[in-house]
Amino acid sequence: MSEPRSPTPTPAGDTYKGWVFKWTNYIKGYQRRWFVLSNGLLSYYRTQAEMGHTCRGTINLATATIAVDDACNFVISNGGAQTYHLKASCEVERQRWITALELAKAKAARMQAESDDSGDDFSTNSPQGQGGGSQNSEVQSTLRILGSKVEDLSTCNDLISKHGSALQRSLSELDSLRLTGEAGDKIRQVTERATLFRITSNAMINACRDFLSLAQAHSKRWQKALQAEREQRVRLEETLEQLAKQHNNLERAFRGAAQVNAATDNKGIAGPCISGPGVAGPGKGEASDDEDDNEFFDAMEEAPEFITVPADPHFHKRSSSSISGFNSEMCSDDQSLNEEPLAINHESPSQELLPVKKRRTHIPDKPNYSLNLWSIMKNCIGKELSKIPMPVNFNEPISMLQRLSEDLEYHELLDKASKCQSTLEQLCYVAAFSVSSYSTTVHRTGKPFNPLLGETYELDRRRESSYRSLCEQVSHHPPAAAHHVISDRGWTLRQEITVASKFRGKYLSIMPLGTIHAIFEKGNNHYTWKKVTTTVHNIIVGKLWIDQSGEIDVVNHTTGDRCHLKFIPYSYFSRDVARKVSGVVTDKDGKAHYVLSGTWDEKMEFSRVMQSSRGGENGTEGKQKTVYQTLKAREIWRKNPLPEGAEAMYFFTDLALTLNEPEEGMAPTDSRRRPDQRLMEDGRWDEANAEKQRLEEKQRSVRREREREAASQRTASQSEEAIDEDSFTDSSIKSAHHDDHKALWFDHCEDPITGEPVHIYKGGYWEAKERGIWEDSPDIY
């Protein structure tokens, strides 16, 4: 819809309003904006309706310059970041605006000059009116009182001097009598004290005179500062009033949207595009206000895939015919109809209680090192994160293998899952475990150390938590780590993760590739899932923050049960809580049994599904939504609080603080033996950077030597077999890249479940540790 034809500026007292074309950028060109000139300030808005809540920019004309380009164009600039290139619809309209702007500028400059030169007498025509005059009178009254008090002190000084002199004369006469003994000593003491008293009183009077002179000399400066504070207070009050109006309008808009959603079976409705003082957005000059259309509308809230409504706890006792409007899909198994907690077998494995090792609870505080981020990152746009030479200033003092081991922060969820009688209940715990691994990332903006090829990391928590974990860096290009965990409580976890990452200037995307497997001895249930995308925002400018987005399918390959989890990306317009995760647990026939909801940084809850139905075509793009009637939600997982002082220790959790703690019997390739990582943890970052470069160069040299040996072996083999020249057309022989590295503790094979090429633990590590023999371990440090 086009707006009405631009009217001429409308005078209203000292206020001028009207439509003017403003230059935005080379794509959009000139755009029509509503300008308001009032009290020496030129402000503009997208529409007249925005005047109540969102100002797009303001220039103070007192310090601005006004220049005319041609018949219709003119420019207003404050000499800083604000420059408005404007165009009127005709020359007459442009002249009206120029006249109004020049008059407003002259008046604003005159008021500012009066404020600066007023000295002790403030003008009552200041923007604050009588308020400024009354406060000025108060200052003058205070100065007059001070003056009168100093005059009183002066009079007292004269009297003290007069009577002091008389006293000293009397004392001198007494002293001339040449009294001896005790009386003479007393008279001399009194004379000395009288002299000291007169000197002190004179000093006090002089100090008071100096104070009054100083107060009168600085009164002008004080009054200017007072005036500036008053003006700042008025501006803040106006801003707060504007924010209050904007907040009120947003509340009304969202309430209206919610009512429409309820009336249309929760059809997704996008909110208005808002950018105001309280809204985070671009902050550079005039481009910030006219380029936020695309930015905000690209981040519209996604419509939910399903809807949950509370069900009667005794719903299963009723007849399904008593519920109207639902195509009943009643849950058939009695176990899922009760409201009891998840069925857990609380039998604990019989084992001797072993003494638990006391772990450390603190590491050295992070030093405050400054670094020019842009000088390093400007040449890295579009590259793989693993190929960017990063100083340790961007790291945290643990390796990617240790970060991978942090997935076990909430291993108790797998312990509980191993005791579940129902596979659907077990799936709820496995799904919660897949979400819990992201809770440690919410504040962790540091980059882990890239592991060296052949580097390992063991996490032996058999005494405390009944599990043992082993990671090994099995590939360098692409970087891949294999992970294997075995628990005495009946479950095994294994995964091979390859991290693909791209730096895009404003943000960094980290895409973990690979499948995670959880296998339970009871029932031989085998679950798999993949990780979602992690995005680090504000890489160059602003405060770093992390978001998770994507979908996870946790699949039980034994029974066919499935849990579909969705990580909702951050959206300015979302009415939901930030970092939200939602999902549904279904059996092999697609019937829903549980609904999961929560956030990946705080907690997850589950609800039993009593009944489900299909709604009308009210979803996104006409898709039907499913409505689930559920029992009361129960908490299944909650994040552990961070240790005291975590902000100074890289926001490490209690588990993360212990990951790099030295232990006896570690393999020579263990991450805890890395010298650069250890130096960084100790706060010696310059030495850590030098050591990091040495290790990386050593790794490159070993790689080149390995490739030369592989190439010579292939050449010798081809010569012995007398390969025909035509056979070199085979792509396998002409492969440009060969990496013949073989993992020490993992075998490369095809996964029997997913069919992917993976590394699976072949055994032998813990036996080698018990013997203390590491003869096959490479020298990587």
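Modeller: Gladly. Rings of Phe, Tyr and Trp, the last by its six-membered ring, pair if their centres lie within 6.5 Å. By this rule the count comes to 18 aromatic pairs. Please keep in mind that this is a predicted model.

Biologist: Why is the pair of Trp 23 and Tyr 26 called edge-to-face?

Modeller: Planes over 60 degrees apart count as edge-to-face. The ring centres of Trp 23 and Tyr 26 are 5.4 Å apart and the planes stand at 80°, so the pair is edge-to-face.

Biologist: Why is the pair of Phe 35 and Tyr 84 edge-to-face?

Modeller: The planes of Phe 35 and Tyr 84 are at 70° and the centres 6.4 Å apart, so this pair is edge-to-face. The pair links distant parts of the chain, with Phe 35 in strand β3 and Tyr 84 in strand β8, 49 residues apart.

Biologist: Are Phe 35 and Tyr 84 buried or exposed?

Modeller: Buried means under 20%. Phe 35 has a relative accessible area of 1%, so it is buried. Tyr 84, at 2%, therefore counts as buried as well.

Biologist: How do you know that the charged end of Lys 87 sits over the ring of Tyr 30?

Modeller: The distance rule asks for NZ of Lys within 6 Å of the ring centre, along with a limit on the angle to the ring normal. The charged end of Lys 87 sits over the ring of Tyr 30 at 4.6 Å from its centre. Arg 32 lies over the face of Trp 19, 5.8 Å from the ring centre.

Biologist: What makes β17 and β18 a pair of strands?

Modeller: Two strands pair if there are at least two bridges between them. β17 and β18 have 4 bridges, in the antiparallel sense. In β18, Thr 528 is the bridge partner of His 517. β18 also pairs with β20 in the antiparallel sense, over 2 bridges.

Biologist: Which way do the side chains of β18 point?

Modeller: His 526 and Thr 528 point one way, Tyr 527 and Trp 529 the other, and all are buried. In a regular strand the side chains alternate between the two faces of the sheet.

Note on methods
Residues numbered from 1 in each chain as written. Heavy atoms only, no water. Buried < 20%, exposed > 50% of the residue type's maximum accessible area, 1.4 Å probe, protein only. Phe/Tyr/Trp six-rings, centres within 6.5 Å; stacked < 30°, edge-to-face > 60°. Lys NZ or Arg CZ within 6 Å of the ring centre and 35° of its normal.
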